[in-house]
Amino acid sequence: MRRVIRSSMPGAALLSTLLNGVLNGLLSALLAGLPGAALAQQQPQQAPDSTPPGAVQSVTVTSTRDPVDKSYRKMIRGMERFEREHGLAPQATLHFRLLPRARSVNMHGITLKVVGDHITVPVPVAGDNSFTLPRNEQALREDAAVIANRKTTSMTWRAVVTTPGLPPGTRRLGDLRLECLVGMEAGLVSNSSPLFGWISNALTTPEQVCNNPDGNFLFFTEQPLFSVTLHAGDRTEVLPFHMLYAGGDQTPDMLPYCDCQVLLDRTYYAPIWDRSWPDDTLVSFETMQDDPPAAPAPTMTTPTPEAAE
């Protein structure tokens with residue numbers, strides 16, 4: 001004779017209760033077999049919080065680092081390179097500058113900071129997006145990053161070496177030579193593709209890039225360029241077209257990998273590797289905005305009565 005177990009629970013509710021019990025048992029068994037569970041069982045119980053009520057706890061906040069952001073150590077090495085090579089531009093000063101790489105980037109109100117594991121140092125940015133870096137030993141020890149409040153691929157970074165008192169619309173070739181050395185030492189050229197790299201993979205040091213006609217280190221002007229001319233004493237030379245506009249052979253596939261992406265018409269190569277041009281050579285620019293020479297006004301004559309007859 002079969003024994004019948006009756007329950008006061010409805011059939012569906014009873015089945016649900018039985019299934020839940022089986023599943024919970026299986027889940028507990030599985031979790032008990034995992035290494036994490038065994039490790040958790042071996043961990044000692046945490047001691048209760050002994051912080052007195054109202055006391056302030058010390059919390060260490062770390063920053064997430066973007067590997068594309070500029071290295072503070074490298075930029076400081078660039079500043080040290082400027083000091084060592086100051087003979088190229090004895091009267092010049094150094095600062096860094098941010099330039100747009102994308103047409104959509106807003107270049108107004110940019111903020112900049114040096115961020116390490118346990119330190120943050122704000123860096124003032126001037127109205128033309130130039131700045132100088134303070135030296136901070138803790139930031140150097142922590143291998144800090146120099147971070148702007150913009151996407152890292154939306155801007156390019158450049159060193160700017162400037163000798164005061166030059167004629168308007170000119171640069172000094174020794175300044176440009178030092179700019180290249182500082183910029184390469186500081187690691188400011190970025191986002192070069194192995195296929196479309198502007199800086200050759202075979203040229204790996206500042207000396208190799210800046211002293212080689214294939215170094216392809218780009219310089220920028222404030223306005224779109226028409227021509228660039230070198231002046232050294234009685235010697236004058238207009239740069240050929242292939243030294244303007246990043247060589248003039250870019251394709252849409254190549255431009256995203258060049259710092260000149262949206263400043264193509266403002267770029268030029270300078271013969272910084274050619275020592276036949278002294279450091280005091282002046283580099284002058286004719287821009288698209290320069291007014292052409294005014295044509296002489298036509299002479300208006302009023303006919304005399306005799307000429308009118």
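This is a predicted model: local features need pLDDT of at least 70, side-chain atom pairs count only at pLDDT 80 or more; totals for chains, interfaces and linings use all residues.
Which element gives the most to the lining of the largest pocket? The answer is β7, with five residues.

**The largest pocket**
- The largest pocket holds about 700 Å³ of space.
- Its lining is made up of 33 residues, and those closest to the centre are Arg-97, Arg-171, Phe-220, Thr-221 and Glu-222.
- Elements that each supply at least two lining residues are β2 (93-100), β7 (155-162), β8 (170-172), α5, β9 (219-220) and β13 (282-287).
- Sorted by class, the lining has 16 nonpolar, eight polar and nine charged residues.

**Helix α5**
- Helix α5 covers residues 173-185, which makes 13 residues.
- From first C-alpha to last, α5 reaches 19 Å, close to the 18 Å expected at 1.5 Å a residue.
- Twelve of its 13 residues are buried, so α5 is largely enclosed by the rest of the structure.
- Among the buried ones are Leu-173, Arg-177, Glu-179, Cys-180 and Met-184.

**A look at Asp-175**
- Asp-175 sits in helix α5, and its relative accessible area is 0%, so it counts as buried.
- Setting aside neighbours within four places in sequence, Asp-175 is in contact with Leu-88, Ala-89, Ala-92, Val-161, Thr-162 and Thr-163.
- Gly-87 lies 88 residues from Asp-175 in sequence, while the two are 9.9 Å apart in space, C-alpha to C-alpha.

Definitions and conventions:
Residues are numbered from 1 along each chain as its sequence is written. Side-chain values use heavy atoms; hydrogens and water are left out. Helices (H or I, at least four residues) and strands (E, at least two) are DSSP runs, numbered from the N terminus. The expected span of a helix is 1.5 Å times one less than its number of residues. Buried means under 20% relative accessible area, exposed over 50%, partly exposed in between (1.4 Å probe, protein chains only). On a 1 Å grid over the protein atoms alone, a cavity is a set of points where a 1.4 Å probe fits but cannot get out, and a pocket is an open set with protein on both sides within 12 Å along at least five of seven lines; lining residues have an atom within 4 Å of a point. Grid points are joined across faces, edges and corners, and a volume is the space filled by probe spheres set on the points. Ala, Val, Leu, Ile, Met, Phe, Trp, Tyr, Cys and Pro count as nonpolar, Asp, Glu, Lys and Arg as charged, and the others, Gly among them, as polar. Contact means heavy atoms within 4.5 Å.
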